[in-house]
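Please look through the structure below with its packing in mind.

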Amino acid sequence: MRRYGKHTDEDDIRSRPNRKGNRPRTHIRPKHEDAAEGLVLTVDRGRLTCLVEDRVVMAMKARELGRKAAVVGDRVALVGDLSGKKDTLARIVRIEERDSVLRRTADDDDPYERVVVANADQLAIVTALADPEPRPRLIDRCLVAAFDGGLTPLLVMTKSDLAPPDELLELYGALDIPYVVTSREELENGAAAGLVREHLDGKITAFVGHSGVGKTTLVNTLVPEDRRRVTGHVNAVTGRGRHTTTSALALPLSSEAGGWVVDTPGVRSFGLAHIDPSRVINAFPDLVPGTEGCPRACSHDEPDCALDAWIADGHADPARLYSLRRLLSTRERKEGD
C-alpha cells in the first residue's frame, strides 16, 4: 500500500472524476440574508404554519438545521415561496434565539424533553374548582415549569358556581400569582373572556389545563374568528395547517394592544425531569439574598439550608419559604396526590 508524506507530489495523486458533473458538496452554508421573518403558529407532521407579515405560509424545516426543531412561538427566517397560496411551501432556514421556553416531559423518569411553546410571556394555568376537582400537584408542576422557563404564571379558575375559590387562593396566596375567577355561565356567555383579556393584552400567553376545565372553550371565546382563519388552511393528505388536540396553536388577539394566545393540548401529566431546581429560587427574589449562606448545591429543603435562619430573623414571610419548598418537592410527588 502506497503511503504519502507531508510533501506529496500532486502529480502522483489520483483524482476520481465526478461522474454526475455537478459541483462537489461543501460544508459552507448560505447565510440567507434575504430571508423573511416569520412566526410559527402551529406544527403538524413536519409541516409548520407560519405568519409572514399578514400571510399564512406553509413551510418545512431546512435540512441544514439538522435535529433542531421549531415549535409554536418561534421566530424564524424563511425562504422560498412566501405567497401563502395553496399548495406552496417555504423553507425555515433559521430559528432565532428564544426569550423563554415552556418545557415538559412525559413523566419524571422520561429523559426526553418536549418544548411546548417558545417566547411566551406568561402561562395561564386553567383549573376548574369542581367537576373535575382541582389538582394542586399539577398546578404546582406547571408553576415550576413556568418559573424555570422564564414565564409569568396566571391562575384561571373556572366553575366558581360549583365551589368557592377560597381554599385554592389560600394555597397560592403567598406566591402573589395574578388570578381570575369565572363561573360556568360567564364561560358560556363570553363574560369570562373579558375578565381574562385584561391580563393578555400585549403579551404572548400559553394556556394549559387538563380536560374538562374549560380551557378550549375560553380560548375559542377569546379568538373565534382567527382560529377559523388559521385552521381553515387544510390539506387532508399532507396535513398542512391541520390543528388537532395533539398540537399547540398560536392565535392573535384582536385588540389595540395586540397579543397572542397559544392553545396547548390538554395534559394528563406534566413531567419535570428536565428541571434544574436551582433555577426555581429565581422566582422568589425576596428569598434569594437568604441563600448566600447556604452550603454548596443546597436543595433549600435540608437541615443546613440558610433560608431557615433568614426567615427566623424576619427577612421574609414564612409562607413564601413553605411555597418554595412545596414546589421544589413536587417532583417527588405524583400529580394525583
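The model is a predicted one, in which local features need pLDDT of at least 70 and side-chain atom pairs count only at pLDDT 80 or more, while totals for chains, interfaces and linings use all residues. Residues are numbered from 1 along each chain as its sequence is written, and side-chain values use heavy atoms, with hydrogens and water left out.

A nonpolar core is here a set of buried Ala, Val, Leu, Ile, Met, Phe, Trp, Tyr and Cys residues joined through side-chain atoms within 4.5 Å, where buried means under 20% relative accessible area, exposed over 50%, and partly exposed in between, with a 1.4 Å probe and protein chains only. The largest such core has 56 residues, and those with the most contacts inside it are L102, L123, L143 and L324. Its largest share, eight residues, comes from helix α1, residues 136-149 (helices are DSSP runs of H or I with at least four residues, strands runs of E with at least two, numbered from the N terminus). Apart from this core lies another, of 21 residues, among them L154, A192, V213 and L253.

Contact means heavy atoms within 4.5 Å. Leaving aside neighbours within four places in sequence, L102 is in contact with residues including R114, L123, A145, V208 and F270.

Rings of Phe, Tyr and Trp (its six-membered ring) pair if their centres lie within 6.5 Å, and planes under 30 degrees apart count as stacked, over 60 as edge-to-face and the rest as tilted. By this rule there is one aromatic pair: the centres of F147 and F284 are 6.0 Å apart and their planes are at 65°, so the pair is edge-to-face. F147 belongs to helix α1 and F284 to the loop between α7 (277-280) and α8 (307-312), 137 residues apart. F147 counts as buried because its relative accessibility is 17%, and F284 is buried with 1%.

In helix α5 (residues 215-222) the buried residues are K215, L218, V219 and L222. Seen down the axis, they fall within an arc of 95°, so they line one face of the helix; the arc is that of the directions from the helix axis to the C-beta atoms.

R91, in strand β5 (residues 90-95), counts as partly exposed at 35% relative accessibility.
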